[in-house]
Amino acid sequence: MSLQMVTVGNNIALIQPGFSLMNFDGQIFFFGQKGWPKRSCPTGVFHFDVKHNHLKLKPAVFSKDSCYLPPLRYPATCTFKGSLESEKHQYIIHGGKTPNNELSDKIYVMSVVCKNNKKVTFRCIEKDLVGDVPEGRYGHSIDVVYSRGKSMGVLFGGRSYIPSAQRTTEKWNSVADCLPHVFLVDFEFGCSTSYILPELQDGLSFHVSIARNDTIYILGGHSLANNIRPANLYRIRVDLPLGSPAVNCTVLPGGISVSSAILTQTSNDEFVIVGGYQLENQKRMICNIISFEDNKIEIREMETPDWTPDIKHSKIWFGSNMGNGTIFLGIPGDNKQAVSEAFYFYMLKCAEDDVNEDQKTFTNSQMSTEDPGDSTPFEDSEEFCFSAEANSFDGDDEFDTYNEDDEEDESETGYWITCCPTCDVDINTWVPFYSTELNKPAMIYCSHGDGHWVHAQCMDLAERTLIHLSEGSNKYYCNEHVEIARALQTPKRVPPLKKPPLKSLHKKGSGKILTPTKKSFLRRLFD
């Protein structure tokens, strides 16, 4: 194993925890940076060009018939072939966090439609699902199994926000383990079916998954409910006859306790596990070899690389599989220096350079790392300011004309919004305003019209009032709409109106004064 430091030539701020790397025929592409890619790179996908340990990010190009693909972080990704004999492979992307920290429940299929010396053109298609549709989540895994000439996607684990009905200000940002259901997804027809297996009792996230033919191996992971990293090793076998699929699970001995590990394939029957955490704030410095022989799995420790002092002393690390037995790692920069990068990056080669790329077909493990914001207290904000300019990318590649109006606007939802004309919550400088906030501003729901969320800070609510409002289910209105919805509010006390003076009427020959009421009565009487 060899470890080399990598310098980033441009836009180093794009590479943040939660990114994914995709390997198309030896060319590597970066996906999932924080912040919007607008103006700088409308696709959010970059060519990951590493030469002589120097990295350059170049915007990728999508075909005009592609759907919009947001820059998702911590999604589940895997390669997919229509059949075992097929040479062309695609990438399946499910779930992940959007730039507004909403959780996606969509499935995207990415494929290469054109490739030349200058650029690669992708096509991205969104797949609609019916049946038991898995909820939006992150930190899960998706793999593809092949049985009896057919293929099926297998989705498992992950975390999701607690249901809206259970959210209060104090736990608005809380996440929970997804139920330990196994989903079979037919990518051709868009059907999804959920299976409950008695061997899977607890929800898991940030585990390792390996797909081999008709079998998925689930290794390690983190149970948020129990805050443990059990030494799990599950074997999920999927049989695809003409009728209904058959799914069974077996608990195997010899598992390891790890979460957020990175998996890379070094040969047809051998994999390497690097990184991850063994405790909440303790990195796992041990590396393991996973080997398969006669449908038996064996896990053993291997010689670790010569970790640098910076890597040993850093409290968090993250990365992704580059393919070809190579892993890309990142650690936080040293903030004690006057000029310091946000992160330092390394390339770890676990195999020789002559590894055959065709042997990497079934490395469908989860490649994202555990969200430090959920597992460790060392990450600051969930967002950052994307300020790179289009001309800051090297290269003369031309890409399609981009029109922002054609893009879905997800800025209408989530925490990082301009909730009112006087909103002063800046995603780059925001700090907790109330003691109940974690890493996102607290919000209150305005019931006017179709409803919308506003920052509690912008409504000038005291923290005690904020907690009180979040406990009930009454209707509340933001400062902008409280006047419009006054009819639904408790009316203010208004002083009684002064009665206008009554007109005096004198009847001829009489000194009496008749009021209008008496006048009307007498008129009817005399008529």
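**Two annotated sites in a predicted model**

Student: Is Cys 478 buried or exposed?
Tutor: Cys 478 counts as buried, at 4% relative accessibility, where buried means under 20% relative accessible area, exposed over 50% and partly exposed in between, using a 1.4 Å probe and protein chains only.

Student: What should I know about the model itself?
Tutor: This is a predicted model, in which local features need pLDDT of at least 70 and side-chain atom pairs count only at pLDDT 80 or more, while totals for chains, interfaces and linings use all residues. Residues are numbered from 1 along each chain as its sequence is written, and side-chain values use heavy atoms, with hydrogens and water left out.

Student: Which residues does Cys 478 touch?
Tutor: Not counting residues up to four places away in sequence, Cys 478 touches Cys 446, His 452, Val 454 and Met 459, a contact being heavy atoms within 4.5 Å.

Student: Which residues does UniProt list with it as "binding site"?
Tutor: The unreviewed UniProt entry places that feature at Cys 446, His 452, Cys 478 and His 481; they are spread over 36 residues of sequence, yet they cluster in space, with a largest C-alpha distance of 10.8 Å. UniProt positions follow the numbering used here, feature names are shortened, and annotations may be inferred rather than shown by experiment.
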